[in-house]
Amino acid sequence: MPKQIICLVKFVPNVDGYQYDYERNVLIRENVRMIINPDDACALSLALQLQKNEPDTQVEIVSMGPLSVLPLVRDLLRRGVKRATLLSDKRFVGSDTYVTSRIIARYLSTISYDLIVSGSHSMDGDTAHVPAQIAELLQLEQMSNVKRVETENNAEGYLFFEVESEGDRSRYRIELPALLSLSRDSPYKLPFVRYTDLKLEVDDRITIITNDQLGIPNEELGLKGSLTKVVETYPKTLEEKQRIVVTNDDQGIETVYQFLKERGFV
Amino acid sequence: MKAQQILEQLKGMLAANQINIDPDALYDAAADRYKKYAKAKKVLDVPPPTAIVYPNSVEEVKSLLQFCNQNGINVIPRSGKTATEGGLENWKTETLVIDGKNLNKIINIDTYNMQATVQAGVPLQALEDQLRPLGYTTGHSPQSKPVAQFGGLVATRSIGQFSTLYGGIEDMVVGLECVFPDGHIARIKNVPRRAGGPDIRHIVIGNEGTLCYITEVTVKIFKVFPENNRFYGYLVRDIDTGIKVLREVMVNGYRPSVARTYSEEDARQHFYHFHKGKCVLLFMAEGQKDIAEATGRAIEAAVEKHKEGILEQVDSQLISDWFDHLNWSQQDIDDEFQGMIDNDKHDGYTTEISADWENIPKIYHSVINRIRAEFPRAEDLTMLGGHSSHSYINGTNMYFVYNYNINCAPEDEMRIYHHPLQKIIVEEALKFGGSMCHHHGIGKFRNEWTTQEHGSAHYMLEKLKQAFDPNDIMNFGTIFFKEEGAKFQK
């Protein structure tokens, strides 16, 4: 089983928490919190499960973002992550997926690992470019939409895992080191911070890396280094929830019962 | 004395079917509804009791208590098992849970003298079912009525939904029988009133199993006239208006059986079919026809006096229907338990306090403001509100109600959510001179404030404990703070 696991983590605005003002036809962005990207949370959950199964396993998270995400990084350390590296530099701002991949890959090329895990998609960008590009830059095998990784019966240096694609589930074996990208539909759930660890001091386990350490030419970073440009952005389309009026009869009761059943209330 | 020795000794005192050491039953007996989520998730941090025993007579209760008293074994008296504040939680390695379920005889229903005598394990519903066909009621109707038993009701100073007319259980108990740790059986006779020294019923009522074991209770019964019931419901501008109308009715000397007002948030979860996002005020008047009518007129007059805060009247049938579905049954409890296992969520918690008319609105707003400003997990709250549901001539109660998304391990939920919320409520109630618990009892999780609750009168509680339970075997940690138990609280 892998002993050094890197988990790539992105912190994103909780766009599912946006509310829509149907009268003014605008998104209400106030009070929207930053969260760990849900696909990445599944990847980290898998990594922590592997670490729990094999206590000498070390999980390190690697994230790129502003220093304002540090509280979220600390939260993940309190959940059991051993180390965190934040790639943070004003020169990184505006980088497209390719430049982002180069920055992260440059850092990863300086450390050792047996396995890299990440999410497949991010909530905010959703291009799914970054994991595959990092794998290419590092000359690793990579697979997206991973649903489950087997924690037993793996031969030394290999992992079995399952991928779901267009309704079919396939089982693969991959040689390590490799990069596996999980989907949010996988069964892995992030553990909670325990009560006794809520205020645990973890800053000594955080490393902040700037481009001074990575040494990428400035002109290859940020907006000016990015070969792709965003042509247009548009908010997720939200429709007002359908209002259903039922009468007090068998059909109405059945409708309400099915509604509650689908949501786990009965 | 170790567990095996205790069990050996018990075999000489009781029949085999009176001793329960089934692991699932012992796990269930280790905690009550205070730690319901951790319990459902099988991660309780407290030890299971050594055994649950079911005495068949007061003599067997006497033998069991003497045995425990002589050997320093903790005793948790249990009857009904609906406790919500940790009163049934076990903090000792060697503990006997003495369950009253076999003390289940209705001894006498005396309609001439208007009283009924039951053993402690008689379910309240069982007595009520006997009384109703005769045209009588106990007048006691807590939400737990289908499950609760008399021993538990009396031990916790229970109150029911019709308390504003009938009173709390302390107003209903006319006499009782109980057993003290040294084996002394005390019978308090049934008289309408007496001036024979202090009212010793109140040493027993509300003792929460910390002084004695209740084996028999005699309660008042009342004639019931359901055909005269009158229901009143209103949407009101704010909870302050609701409290003012409640006060108006009470201070004018009227006794509606139900007098309640709900915050917007609490109204939303109770009255989804008519709340319109507003606070709700409701009453029920009952009794003889002329009394019910007079009470109804008083309610209407009080509403008229405060009409600037009354938004609209609600169809009284809606209030009547709501009352018919208010109680929770064993099935409801079981469903919530399964829901916690399957869906990682529960039906929320409540903390009930009381204060005089002047201070109750202050406490309400202070609590809500403090929780919103100070509670570290405020963003997880899915519901925060409250209602007043038991009123008196000098004040009322406030039932704070809250629920939240549980974003923590099940074993941490109490410490991260329920206890910090309860702490704010208790602190504000005490700060404004109110009581930190109106009708659930202190249990084990409000015991850190017992001395503050009673102030200089705590001396009397301490002396009672020393006198009746000198070996400290009765329900360790309930009512009285214990440093040894703090690890299960904080």
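Which residues of helix 2 of chain A are buried? They are Val73(A), Arg74(A), Leu76(A) and Leu77(A). A residue is called buried if 20 or more other C-beta atoms lie within 10 Å of its own, exposed if 12 or fewer do, and partly exposed in between, with C-beta atoms placed from the backbone. These residues sit on the same side of helix 2 of chain A, because they cover an arc of only 160 degrees around the axis. The arc is taken over the directions from the helix axis to the C-beta atoms.

This is a predicted model, in which local features need pLDDT of at least 70 and side-chain atom pairs count only at pLDDT 80 or more, while totals for chains, interfaces and linings use all residues. Residues are numbered from 1 along each chain as its sequence is written, and chains are lettered from A and ligands numbered from 1 in the order in which they are written.

## Chain A overall

Chain A has 7 helices and 13 strands. Helices (H or I, at least four residues) and strands (E, at least two) are DSSP runs, numbered from the N terminus. The C-alpha trace of chain A spans about 70 × 50 × 40 Å along its principal axes. Of its 266 residues, 31% count as buried. Two residues are in contact if their C-beta atoms, placed from the backbone, lie within 7 Å. Among contacts in chain A between residues at least 6 apart in sequence, 70% join residues at least 24 apart.

## The sheet and its helices

Strands of a sheet pair through backbone hydrogen bonds, either parallel or antiparallel. In chain A, 9 strands form an open sheet with mixed pairing, in the order 11-10-9-12-8-1-6-7-13. Its edge strands, each pairing on one side only, are strand 11 (168-175) and strand 13 (206-209) of chain A. From one strand to the next the twist averages 35 degrees. Two strands count as paired if DSSP finds at least two bridges between them. Strand 10 (residues 158-165) and strand 11 of chain A pair in the antiparallel sense over 8 bridges. One bridge links Ser165(A) to its partner Asp168(A) in strand 11 of chain A.

Helix 2 (residues 70-78) of chain A lies across strand 6 (58-64), strand 7 (83-87) and strand 13 of chain A, and runs at about 160 degrees to strand 7 of chain A. Helix 4 (residues 129-138) of chain A also packs on the sheet, where it touches strand 1 (4-9), strand 8 (115-119), strand 9 (141-149) and strand 12 (178-182) of chain A. The direction of helix 4 makes about 130 degrees with that of strand 9 of chain A. For these angles, axes are lines fitted to C-alpha atoms, for helices over the stretch in contact, and values run from 0 to 180 degrees between N-to-C directions.

The cover over the buried residues of helix 2 of chain A includes strand 5 (34-36), helix 1 (38-53), strand 6, strand 7 and strand 13 of chain A. Pro38(A) is found in helix 1 of chain A. Pro38(A) touches Met123(A) and Arg184(A), not counting residues up to four places away in sequence. With 19 other C-beta atoms within 10 Å, Pro38(A) is partly exposed.

## Backbone details in chain A

Most residues other than glycine have a negative phi, and most peptide bonds are trans.

| Residue | Location | Phi |
|---|---|---|
| Gly80(A) | just after helix 2 of chain A | about 125 degrees |
| Gln139(A) | loop between helix 4 and strand 9 of chain A | about 60 degrees |
| Asn145(A) | strand 9 of chain A | about 55 degrees |

Gln139(A) is exposed, with 9 other C-beta atoms within 10 Å, whereas Asn145(A) is partly exposed, with 19. The peptide bond from Leu176(A) to Pro177(A) is cis, with omega near 0 degrees. Pro177(A) is placed in the loop between strand 11 and strand 12 of chain A.

## Chain B

On the interface, 8 residues of chain B are in contact with 4 residues of chain A. Helix 14 (330-343) and helix 16 (413-431) of chain B each supply at least two residues of the side of chain B that touches chain A.

UniProt, in an unreviewed entry, places the feature "active site" at Tyr399(B). Tyr399(B) is found in strand 18 (residues 395-404) of chain B, and counts as buried with 21 C-beta neighbours inside 10 Å. UniProt positions are given in the numbering used here, feature names are shortened, and annotations may be inferred rather than shown by experiment. Leaving aside neighbours within four places in sequence, Tyr399(B) is in contact with Thr350(B), Glu352(B), Gly386(B), His387(B) and Ser389(B).
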